[in-house]
Amino acid sequence: MKKIFNYIATLCLIVSLLFLQACQDDFLDKPVQGALGDDVLANAKGLDALLTGAYAALDGQGDFTGGNGWESAPDNWIYGAVAAGDAHKGSDGGDQTPIAAIATFTSGADNGFFNTKWKALYEGVTRANTVLRVLTLVKDLPESEKAPIEAQARFLRGHYYFELKKMWNMVPWIDEKTTDFNQPNDVDIWPMIETDLKFAYENLPATQSQVGRVNKWAAGAYLGKTYLYQKKFAEAIPVFTDVISSGVTSNGLKYSLVDFKDNFDAATKNNAESVFAIQMVANDGTLDITNANGGGMLNFPYGTGAPFSCCGFYQPSQALVNSYRTDANGLPLLDDPNSSPVKNDMGLTSSAPFTPDAGTLDPRLDWTVGRRDIPYHDWGLFPGMDWVRDQAYAGPYAPKKNIHRQKNQDIYADLSSWAPGNAINVLVIRFADVLLMAAEAETNAGSLQKAEDYVNLVRARAAKPSGWLYQYLDEADPMAGFSDKPAANYSIKTYPAGKFTASGKDYALKAIYFERGIELAMEGHRFFDLVRWGIADQKLNGFFSYESKITTDLNGARFTNSKNVYYPIPQYQIDMSVVGGVAKLKQNPGYN
């Protein structure tokens, strides 16, 4: 079924591109010879093809990337994780320098990465709008079947606009009724996003025949997230409560927490924790790596003897690794995790002896970060420098959540291109995320015990030994499996009953913010969380101060609230919006 779904998606890229409405050159407004018009597409079959095309845009890949699909990667590894201190750009100093500028907040509006991301998201908006427009013309579909289709299209449009909103704040709203596509960015689009997601929540079915299609509960989780971003805690709580108590996946599984590692393995995807996932597939017959996490194709260990063909980007930071240190009670060091740094192998060759840190650690660390002499899935012990492109530049670590397993790479990996891809889904929202968002809303509404209960569900899952990483049975043959001896000294516990209530709201929020950081690390959320909490300047400048003593890639980095809470509107888009010598799009503060 997945192969069929992606095959249709590929075909529908061509169809939906015919409906692009963003171009402003007059000659592009003339009918395209050979294009499929409304007379062909305004039927149930054509509508389904267009809707599939709207889903296909979720991967952020297309001709507009110029072959550089990482610029618009849907997991926001650049804009949400590297820019938040989860990771360094990686590779070496001369490779993909626009990412370095984004990571240090020295980038201007002329950085082409921003324009690619903008185009990818408006591509999705355009495809969703096309579905909604054509839907009104369809005659061979019962009215009862139209609402769920409209709900899917509006969910997708809500998602694309949510991404635009958190990246740039003020962006132009274009819907299926818009005829002049050169619109100003002078209206707050939160109400429109809310309206779309609320409609989806109320009109989508609880389950779908295809696992990649969104359902009622995914819409509810996204609606709650939209309320949370606006600090509408009273509105968010009942929605989150409904999702937590009654929600099921599109394929009918009651929402629950699975073993942490199973969220990042193609063989166990679409499990009970998957709320809204962008479906990825490998070896589907298309030889198109964009179907196989093309946005993350740079993010594999690279160096002497590394089993991947490219490219050494997205290296986790030392500060992130330190955040997994636990105290004698199995709790995190909330105030200063850098005061007890985890041992690393900086400056050591792979042949030099090294003993990993013996202190207590949260087991989620070793499913998130590849570190020296710890099993790197079933690829062998991570050897350090030999699998790192430039250790002095970006540190000694490698990403892990995005890495496929060796044992089933013939099924779940795409090795047809110069860089690898795989079938690990991009998790936009998973159930642990929902629990932590609900905890945040409950805390701000004064329900500290309820918040503690939600956080402890997440921590209790991490504490289950079934989800830990273990040492190999035979280091010489990592494919032989794992022993019953943990790979490190893991110690994690839940918060003592009543801790949040006894310690107060500020403590509870600090614990929740920290928990989101370690649970969702390297998943593209962190920068946007720090901004909406109003602590980005404090956290990021502290990170720059600490991490720049370890690596050389952060020179000149500085975050300022007056400028950097949103990214610059792409200069190309501003230039294209000029009418009568005046640009309709206004630049974000600090970038003029």
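Biologist: At the start of α6, which residue's side-chain oxygen reaches the backbone nitrogen of Phe 113?
Modeller: That's Asn 111, whose side-chain oxygen comes to within 3.0 Å of the nitrogen. A polar contact here is a pair of N or O atoms within 3.5 Å; within protein, one must be able to donate a hydrogen and the other to accept it, and residues adjacent in sequence count only if both atoms are side-chain atoms. Before we go on, this is a predicted model, where local features need pLDDT of at least 70 and side-chain atom pairs count only at pLDDT 80 or more, while totals for chains, interfaces and linings use all residues. Residues are numbered from 1 along each chain as its sequence is written, and side-chain values use heavy atoms, leaving out hydrogens and water.

Biologist: Thanks! What span should helix α6 have, and how far apart are its end C-alpha atoms?
Modeller: Helix α6 covers residues 112-135, and at 1.5 Å a residue its 24 residues should span 34 Å. The end C-alpha atoms are 35 Å apart, which agrees. The expected span is 1.5 Å times one less than the number of residues. As for the names, helices (H or I, at least four residues) and strands (E, at least two) are DSSP runs, numbered from the N terminus.

Biologist: And how many residues of α6 are buried?
Modeller: 21 of its 24, so α6 is largely enclosed by the rest of the structure. Buried means under 20% relative accessible area, exposed over 50%, and partly exposed in between (1.4 Å probe, protein chains only).

Biologist: What about α3: which of its residues are buried?
Modeller: Among them are Leu 47, Leu 50, Leu 51 and Tyr 55. Ten of the 13 residues are buried, leaving α3 mostly covered. At the start of α3, a side-chain oxygen of Asn 43 reaches to within 3.2 Å of the backbone nitrogen of Lys 45.

Biologist: Switching to charges: how many salt bridges does the structure hold?
Modeller: There are 35. The cut-off is a side-chain nitrogen of Lys or Arg within 4 Å of a carboxyl oxygen of Asp or Glu.

Biologist: Which residue forms a salt bridge with Lys 232?
Modeller: Glu 194, with the closest N and O atoms 2.7 Å apart. This pair links distant parts of the chain, 38 residues apart: Lys 232 sits in the loop between α9 (216-229) and α10 (233-246), and Glu 194 in helix α8 (residues 190-203). Lys 232 is partly exposed at 29% relative accessible area, whereas Glu 194 counts as buried at 14%.

Biologist: And what is the partner of Arg 372 in its salt bridge with an Asp?
Modeller: Asp 345, the closest N and O atoms being 3.4 Å apart. Arg 372 lies in the loop between β4 (369-370) and α13 (391-394) and Asp 345 in the loop between α11 (318-322) and α12 (365-368), so the pair ties together parts 27 residues apart in sequence. Arg 372 is buried at 4% relative accessibility, and Asp 345 is buried at 1%.

Biologist: Are Arg 364 and Asp 362 buried or exposed?
Modeller: Both are buried. Their side chains meet in a salt bridge of 2.8 Å, N to O. Arg 364 and Asp 362 also belong to a network of salt bridges that includes Glu 273, Lys 401, Arg 430 and Glu 519.

Biologist: Onto strands: how many bridges join β2 to β8?
Modeller: Four, and the two strands run antiparallel. Strands count as paired if DSSP finds at least two bridges between them. Ile 278 stands opposite Val 426 in β8. Five of the five residues of β8 (residues 426-430) are buried.

Biologist: What kind of peptide bond joins Cys 310 and Cys 311?
Modeller: A cis one, with omega about 0°. Cys 311 lies in the loop between β2 and β3 (313-316). In general, most peptide bonds are trans, and most residues other than glycine have a negative phi.

Biologist: Then what is the phi of Met 522?
Modeller: Positive, at about 65°, although Met 522 is not a glycine. Met 522 lies in the loop between α18 (505-519) and α19 (526-533) and is buried, with a relative accessible area of 7%. Lys 231 also has a positive phi, near 65°, and lies in the loop between α9 and α10.
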